[in-house]
Every structure is written in C-alpha cells, then in structure tokens.
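Thanks for coming. I have one structure to go through today, and I will take it from the overall fold down to single residues. Here it is.

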Amino acid sequence: MADEDILSDELLRQLISVGEVDILVGLHTYNHAKTIGHIVEVIRDGLLKYFPRERVAILNADGGSTDGSPDLVRAASINDVRNSYNFHSLRTLHCISSQYASVPSAGQAMHMVVAAADLLRAKACAVIAPESTEILPEWIDRLLSPIYREHYDFVAPVYRRHRSEGTLVTNLLYPMTRALYGKRIREPRPGEFAFSNDLAGQLVANELWTNDAGRLGPEVCITMESLSDGLRIFQTFLGTKGQVDQQPPDLVAALRQTVGPLFWSMGQTDAAWSVIHEVHPVPTAGPEFEITTDEVSVDRERLRQMFSSGVVDLEPVLKSILSSATLAQLQSAAALEAEKFSYSDELWVKSVYEFAASYHRSVINRDHILQALVPLFRGRAYAYLKENSTASPEGLEERIESLCLTFERFKPYLLGLWTAQERGS
Amino acid sequence: MGDMIANELSQAWNEFARALAHLLPRLLAILIIAVVGWVIAYLLKVALRSLLRLVRFDRLSEKAGAAQLLHTAALPSPSELLCRLVFWLAWLGIILAGVSSLGSASVQQHIADFFLFLPRLFASLLIVFLGMLAASFFARAALLAAVNADLPSPHVLSDAVKVVIVVLSISMAFEELGLAQRTVLIAFTIVFGALMLGLAIAFGLGGRDLARQFLERRFSEDRIRRKNEDHLSPL
C-alpha cells in the first residue's frame, strides 16, 4: 500500500496542520477504552517532563473501535496535565486519531504511524502498545532520548518477565535473531520501541506492508530490518511488560505474529545474515534481563500430551518439512514418558532451522508450516519449563545463554540448508 | 470358356491393381503422416518436459498431493504422465487429421467428434487436478486446525474433508465429460448425504459421551482455565 493510500485525506489535512514535529508517539488501538486513557495520560506526562521544548504529537491509529477509544485519545488536553502535575510545555501537544480500516490490522496501524512519522519529519518516533498498563512517564524518555539526543536509529525494550512467561521469545525469537544477525536483541518482537527519521524513511516504502508477515507482525519485521541494515541499535530496560485485560493470543496466532515475520525477514535479508559470524552486545540502559520467580500454576503435562499427539498426527505434514533424521528423533521424544521426556537444545535448533528453510522454500503452504511448528513448540516449552521450574534468575539466564550458543553453533547447518535451496536441490 | 475365365481373371486382377494403385499412395501418405506425427509429438513431449521441469511442476504436484496419489496408484510422476498424455493425444490427433483428409465423410464426422471432445477432456482433467489440489490443501488445513485445537480424531476430520472434495471434483469432471451425469449426481448426493448423516448420528448417538465432553470443554470454565494455562504468555 502506498504512502498516500495509508494516510487518508482527513488525516493528511490534520498532519499538515500540525506541521513538522520533533517527536511523534504512535498508538494503535482497537477497543482499548479500558487502558488507553491512562496510557495517553502517562505519555503526555512523559512528553511534558522530558521533552518540554520539543514539538510533539500523539497519533492514534484505530482499527474501528466501538468503545470510544479514539475519543479518549483526542480528549487529551494539555491544560489537564498542566493543572495536575505542574508541568509546563512551551509548545502545543497535538493529539490526532484516525481510523485506518474497519477491521483491525497491526500492519496497517504501524504503516500509518511510520508514514506519518516520515511525513512530519519526526526526529524520533515511539510506538506504545495499547495494553501497556505498567507504563511510566520514564518510558518515554528511555525510548526516545537515545534517538533524539544520541542519534541511535532503533531502540528496543528489555522487559522484566516471569520465568514461565515469554517462552517463545526465550526459546526461539531471541536466540535465533541473535545467531542470525549477531546482535543480542532481547525482545525481537517489542511491544514498545522507537525509531529514527532515517529508519522511518526506509520503512515507509518497504515491501513488508504488502504481505502477511508485515500485516501480522510488523514489529518483528521492523526489528529485522534495522538489524540487517547495520543501523545503530540501543536497548532500554522498561519494566514489566503489560498484558492486563487482554487475553494473550493463542499459540497459532502468536507464531503467525512472530515466527512467520522472522522467517519471512530471513528470506528478505539473507545476504546480510549469511555473512555474520560473530555476536556483539547491544548498548543497553539498565539491566539486560530481569526475571521474577514467583510461583504460578502451569499445566505442563497438557503441553507434553499435545506435543506427543501432534507429532504422531502430523507425521505426513512434518515429513514434508523436516529431514528424516530430525523427524525420527522427534518421534522418539514423543514416545517418551513424562519422567524421561527430553527435547534437547540441538534437536530444537535443528527443528527450527529446518522449519525456516522449508518456509523459505515454500515446501507446502507457509501458514501450514507455521501451524505445524506449534506442537513442537509445546514440546520444547514443556521441556524448558520442566528443567527450569526451580531455577534461579541467574541459572535461567545461563540456560538461555547455552541455547543461544547452540543456535550460533548450528548456523552453518542452516546455511547449508539455505544454500542447497538456492542451488535448487 | 477358357477365354471367359481368363478374361474374368484379367479383369479382377486389373481391378485389384487399380484399387491397390489407389490405396497404396494413401497408405504411404498415412504412414508418412504417422512418422511425421510421431516426430512432432515426440518433440512436443520433450519441450513440455523441459517446460514442466523449469516451472517445477512435480514440486507443485507434490504440494497438491497429486504426486502422492499417483505414486500410490503405481503411476509415473505427474509431469511424466502429462507428457505422455500430450504425446499420445498429439500423435493420435495428427494421424486422425491425416486419415480425415484421406477418408470418407462418415469417418470425417467421427474424427470431428473426437476433436470436439478433446477440450472437454482437458477441462475434466484440469478439474480433477484442481480438485486434488483443493482436497490436499483443505485436508491438511483441517488436520492442523484439529491437532492444534486438541480435537479428538483429527485424521477422521481431515480424511472426511478430502473425500468430500475429491468426490465433488470427480463428479464435476464426469459432468463435464457428459458421462453418466445423473448417476454421478445421484451417487454424489447419496455419498455426501450419507457421510453427513453418519457423522451426525455417530457424534450425536454413538459418541454421546464424547459430544458431551467436547461441548463441556468447549464452553465450560475448565476450558477457559486450561486455555490460559496452555498460552503461558508465550510473548
């Protein structure tokens, strides 16, 4: 979709009346009335506190909310803040809301924010997730200052997590992204992030907006784009990742929003990642990880059962995706009792790499490939949770580091699969 | 008497020689047409084989599930099958065209009918191929959805989807060919109706407990709790 198509005439008129800005904050909403009012207030506090002299604007890309979410954003008045907190802005704070479609789409919302940032020539643009109820005014400073004041191009967050949370991030997204692009980006699928005007210019006409990967998981695509282009990347610790009031997506949807865009981006950027052989740290403000270990109830046994039955039932599908050796090892693992169950790092890494290569090659429908990965992830999540049920935060970090090293060690295996496909064999 | 016999023999021989002289050039022409036709059909086959290899037709067929079906039926690969089909149709077509130019009016009519039948034959083959493609795709989609939703007997659901689509596409192909239209339509209606009725009875009566468990899991608090646990906030 072209730049002018994603920005409606009405929105263009509003943006032109705003003129150039220094900072833009993007919010994509769909029936988030319960949380969005508080989030907008905190964003305003952060902007007034940390950027009082800058020209700032808040843009809400709405997917057709029926609960009045856009009205809550529009109603954000600068006077309220001045009275409540005694902060003073030297400039007008613009709050714009626009409906991009009647059906919610993360990709379209993000495209609108990126296009608006490019049009307004915003030096720094932050995107805030609409369910981030834990947001603090400091988040605005932590996300935007590295770009606005230190000229970084992309700022990714680091969240405080419970050890049972984010299993897809710790077992696949983080270690695989790190092995591919050589950067220790802890959250390749950020809820909150910020980008520079240069990156907005690159992204606005990018191919990612025209395919499913970009439509479903634009955050992952943007992260991969900044990693592959060798841009200046920064990480900042934010705190607890907010997901209150919003049900987490089911696993199939989660993989479509994260692993699909990652696999797609690999195809787009293989010239960049195939020549990277070393891993470098990313400058980070605050701790690089923070893990809490409170007791939570997790039905792990069901994960193992669904893995075992999935591997058996999906054998004809897995045959077309995995090598016979990997499939045989998975079938052996699926036949194990709970006490003896194991899904080793090596087997997991080989499975994921073979899935990525099959996705690239489109051996079957790409969405079916992602769906077939779900039972395998359940098995891996079971093994991970079982092994680390009592691990300390440091122990867990060591365990994740070990998995990352396995992903890096097996990168030549992925390259072998990849180049074999390029040759057409 | 002797002269008469000799005369008749001579006349018969002359007629035979005349008929032979009339027939031989035609036979020769048909033979030449057959040889030239074979060469043309062979070249077509070679060209088509290269084209199909270039567009990776076999891989597409593998994805569609057509290759697997052919393998099960001990038939060659889809591209080889298509090449052979084109070869025989081209050769037969050229020979019949040759015969048509040499033959009688009734033969010409039959040959014209044959050529009129060819587009329908191709359309039918295309319908079956697309049907296989759709059957394979939707059967796999049903299997994956059933496995990830933890539904019981996912293969039954997947196979049912496949059978329905294959039967539908075959009945459409027969209809296109004009063969046993009513029989095929009735057979399809019976198979489809029986399948649906069977499933309804099996689910409603035979699997009453299973149905109850399924509905409980689908709508009860327990399902909500389990679903949340399964999610584990993967992101």
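Chain A contains 20 helices and nine strands. Its radius of gyration is 22 Å, close to the 22 Å from the globule rule for 425 residues, so chain A is as compact as a globular protein of that length. Keep in mind throughout that this is a predicted model. Along the principal axes, the C-alpha trace of chain A spans about 65 × 50 × 40 Å. Of the 425 residues in chain A, 52% are buried. If we take the contacts in chain A with a separation of 6 or more, 86% of them are between residues 24 or more positions apart.

Next, the domains. The domain assignment divides chain A into domain 1, residues 3-291, and domain 2, residues 300-422. Taken over C-alpha atoms, the centres of the two domains are 30 Å apart. The contact between them involves 25 residues of domain 1 and 26 residues of domain 2. Which elements give two or more residues to the domain 1 side? They are helix 8, residues 167-181, and helix 12, residues 251-268. By residue type, that side of domain 1 has 14 nonpolar, seven polar and four charged residues.

Let me stay with helix 8 for a moment. A:Tyr174 sits in this helix. It is buried, because 23 other C-beta atoms lie within 10 Å and the threshold is 20 or more. Setting aside residues up to four places away in sequence, A:Tyr174 touches A:Val169, A:Arg186 and A:Pro188. For a sense of scale, A:Ile16 is 158 residues from A:Tyr174 along the chain, and their C-alpha atoms are separated by 39 Å.

In the loop between helix 8 and strand 6, residues 193-196, we find A:Arg189. Is this arginine, A:Arg189, buried or exposed? A:Arg189 is buried, with 27 other C-beta atoms within 10 Å. A:Ile222 is 33 residues from A:Arg189 in sequence, and the C-alpha to C-alpha distance is 9.1 Å.

Now the strands. Strand 1, residues 23-29, and strand 2 run parallel and are joined by seven bridges. Within that pairing, A:Val25 stands opposite A:Ile58 of strand 2. Strand 2 covers residues 56-62, and seven of its seven residues are buried, so the strand is largely enclosed by the rest of the structure. In a regular strand, side chains alternate between the two faces of the sheet. Here both faces are covered: on one side A:Val56, A:Ile58, A:Asn60 and A:Asp62 are buried, and on the other A:Ala57, A:Leu59 and A:Ala61 are buried.

Last, helix 6 of chain A, residues 106-119. This helix has 14 residues and reaches 20 Å from first C-alpha to last, close to the 20 Å expected at 1.5 Å a residue. Helix 6 is mostly covered, with 13 of its 14 residues buried. Just after helix 6, A:Arg121 takes a positive phi of about 55 degrees.

That is what I have for today.

Key:
Residues numbered from 1 in each chain as written. Chains lettered and ligands numbered in written order. Predicted model: local features only at pLDDT ≥ 70, side-chain atom pairs only at ≥ 80, totals over all residues. Helix = DSSP H or I, 4+ residues; strand = E, 2+ residues; numbered from the N terminus. Expected span 1.5 Å × (residues − 1). Buried ≥ 20, exposed ≤ 12 C-beta atoms within 10 Å, placed from the backbone. Domains from an automatic or database assignment. Contact = placed C-beta atoms within 7 Å. Nonpolar A, V, L, I, M, F, W, Y, C, P; charged D, E, K, R; others polar. Rg over C-alpha atoms; globule rule 2.2 N^0.38 Å. Pairing = 2+ DSSP bridges.
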